[in-house]
Amino acid sequence: MEFAFTEEHLMIRDSAERFLASASDSLAVRASMSRADGYDPEVWQRIGLELCWPALMVPERFGGMGLGFVELAILLEQSGRFLLGSPLFATACLATPALLLGDNPVVQERWLSAIAAGETTATLAFASGKGWDAQSVQTIAQPAAGGFVLDGVYTQVVDGTQADLLVVAARNPGSEGASGISLFALDADTAGITRTALPTLDQTRRLARVELHNVVVSDAQLLCGPDQGWAVLHDSLQIAAAGLAAEQAGGAQQALDLTLAYIAERRQFSRTIASFQAIKHRCADMMLQVECARSAVYYAACVVQEHLDPDGDVAVASELTMATATAKIHASEAFFHCAAESIQLHGGVGFTWEYDPHLYFKRARASEQLLGTPALHRERLAAHLFGEDA
Amino acid sequence: MKIGFSTADEAFRGEVAHWLAEHLKGEFAPLRFRGGPGDEHSFPEERKAWERELAAGGWIGLGLAKEHGGRGLSICQQVIFHEEYARAGGPGRMGHIGEGLVGPTLAAFGTPAQQQRLLPGILEGREFWCQGYSEPGAGSDLANVQTRARLDDSGNHWLISGQKVWTSLAHEADWCFVLARTEPGSQGHHGLSFLLVPMAQTQIRVHPIQQLTGTSEFNEVFFDQAVTHTDNLIGKPGDGWKIAMALLGFERGVSTLGQQMQFQNELDEIIRIARVNGAARDPLLRQRIAQAWSGLKVLRYNSLRMLSGPQDGSLKREAMIYKLAWSTWHSDLGKLAMDVLGDEAEVLDAAPYQLSRLQSLFLFTRSDTIYGGSNEIQRNIIAERALGMPREPRVV
């Protein structure tokens, strides 16, 4: 047990912070927001080819760096803090875990190598409507000679228009719930795939509607079959929730830091407004929530790391669902709280487009929704605590 | 960054659990799950005997260095001990002030002679301590202590006069550590000294305070020319504030993990009742129970962060939020317990005012956000020391 960053972790954090402080400053974030694809391809190229962030968690046998989820979470905390527009989250946090957990070595070799090389972006598409559970998978995989024909609509896919690879979930005709779900790895250019960008409330992350019309896939593209599909998808979504929580913790910290910087300068009644106890106590409460979110995120990251490691600690790995749910609940609430407080404590300028608090406020709301609201995760915890999920 | 326990640690866990199962029975069986916060008035003599049992088993002074007679165990193994102790229903510790606060303070600031004279009583479960900090006029503003001490004519003894308040276990204690003003006319944190005072003297009167629970764990303590030998001054005259603050830092140690296991026992009881009485089907109560469960996990993760990394005595960010975090969580749990019980919560176990465990939890947790630095003081500390915001203006 050593629940603290190592020297190497601190180096990863500090170098990411230095890079993002310039590559993703407020001007850069706003430039990315106004682009159709939502990110600066030059910055992404540096992330993929020089910093090798997408390769971080990919095993060395696929050309990756073979590091763990803890290191990725450290990066995500910083990318969330600086509102980095990039395919990093979808590629490293949504698609990569699903690929790692799948059981088709040919698919894994091809796509994990491509992601590790830094040139391929990817995402995960599964839900045809509301919800983050197995029943939300409604795309049909009709068995055909040598493969399947896929038909269906994914209503909100993170970075869906930009991704080169779509890991998609689809179910056997007539199947229900957790049974009959398979995962496939599709080149996004495959015939029959239509992708439409959605205008989003949070302009720092892109969503797309992805439609599959008679998309023909071969058995060779099957990442994992119906006996394992839901288990892999479930775990991938929990892992992604832990990654998102890391982003949220970083966002919450920055909302607090922006506020502290502003109120230390802003003077009223001949003193800085930071000297008023009414304001100090609100900032203390923000820090309380940020640190609680951090603790939950780091713990979940350690659990995910053991879960993804074939030789990992089984007892720790078994905490996956509960630990990631806890992280998502506390990071969501901390981020929204801090972002809302940031607007309030900035006063009038907090309500302007020019100042940054609204970017965090919108991102906080979108992140709270993505991969399940705190209420949803609490309901899952409750079902477990009352023995209803056995 | 890695979680999970090593094989050696798990073996140690087994050893602790086995010892507790073998000893927390027979004459000690009635003490299981008793004597914790809100129940500290129960079984005082039996719990003192239990302290001697623990000492004989080598379970006092786990974190204290071997040179001081402790066992010098790793943080990890101390965590395991506290977890297993709470899991087994180990009774509220009569010796926690001595072991948790006085021991580390003596180790850090005491002379070798003071260490040799006073640590054995703590480590053998023979001598019990109470804390003389707060006064009627020195609550949140602790530096406003007015209790004074002066040397007698021989120069060998301090004579202490004044009043302390909110003193837990004063009526059971052999010793009190007293923050007193030794420099006449001094103000604030200057001129204070840290004195160890024997309780067995007629110049000290202990008066229990009846709390809103109807019970009395806290006391008023009146000093009227109470005597202590000059050997019982820790540090030098005027060092009192520095030592008093360092001692408060020891409060945020591994025992927080044990406290959380008690919280877990309380939450488990609430979950059990919710399953039986149907509250588990109420969508809002389900949400609150799940929030309490995840919130307790977060307290644990905070503690693990606090205890990992360099133990250089510096107060880390995680440590600064700790009191605010647990006190808020725990008082919410008290209210949740009542809401899960519903109308059952309104009827006592017996007249005139015998509270059930959860009723006591509900009422007693109102003190959590006040004692040991109120939530408002905690927020000041966080804002000023962690966030670097301007200090509160002080009237000189």
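Predicted model: local features only at pLDDT ≥ 70, side-chain atom pairs only at ≥ 80, totals over all residues.
Local features were taken at pLDDT of at least 70 and side-chain atom pairs at pLDDT 80 or more, whereas totals for chains, interfaces and linings use all residues. Residues are numbered from 1 along each chain as its sequence is written, and chains are lettered from A and ligands numbered from 1 in the order in which they are written.

Chain A is assigned domain 1 (7-120), domain 2 (123-224) and domain 3 (229-385), with bounds from an automatic or database domain assignment. The C-alpha centres of domain 1 and domain 2 of chain A are 22 Å apart. Their contact takes 21 residues from domain 1 and 20 residues from domain 2 of chain A, two residues being in contact if their C-beta atoms, placed from the backbone, lie within 7 Å. On the domain 1 side, helix 2 (26-33), helix 5 (88-101) and helix 6 (105-116) of chain A each supply at least two residues. Helices (H or I, at least four residues) and strands (E, at least two) are DSSP runs numbered from the N terminus. Helix 5 of chain A gives the largest share of this side, six residues. By class, the side holds 14 nonpolar, five polar and two charged residues; Ala, Val, Leu, Ile, Met, Phe, Trp, Tyr, Cys and Pro count as nonpolar, Asp, Glu, Lys and Arg as charged, and the others, Gly among them, as polar.

Strand 2 (residues 140-144) and strand 3 (residues 147-158) of chain A run antiparallel and are joined by five bridges; strands pair if DSSP finds at least two bridges between them. Ala141(A) stands opposite Leu150(A) of strand 3 of chain A. The two strands form a hairpin with two residues between them, and Gly146(A) in the turn has a positive phi of about 70°.

In chain B, the axes of helix 10 (residues 322-341) and helix 12 (residues 375-386) come within 9 Å and cross at roughly 150°. Axes are lines fitted to C-alpha atoms, for helices over the stretch in contact, and angles run from 0 to 180 degrees between N-to-C directions. Helix 10 and helix 12 of chain B are therefore roughly antiparallel, the term for angles over 145 degrees.

Between the chains, 39 residues of chain A are in contact with 38 residues of chain B. Helix 8 (277-308) of chain A gives the largest share of the chain A side, 14 residues. This side divides into 24 nonpolar, nine polar and six charged residues.

Notes
Parallel < 35°, antiparallel > 145°, perpendicular 65-115°, else oblique.
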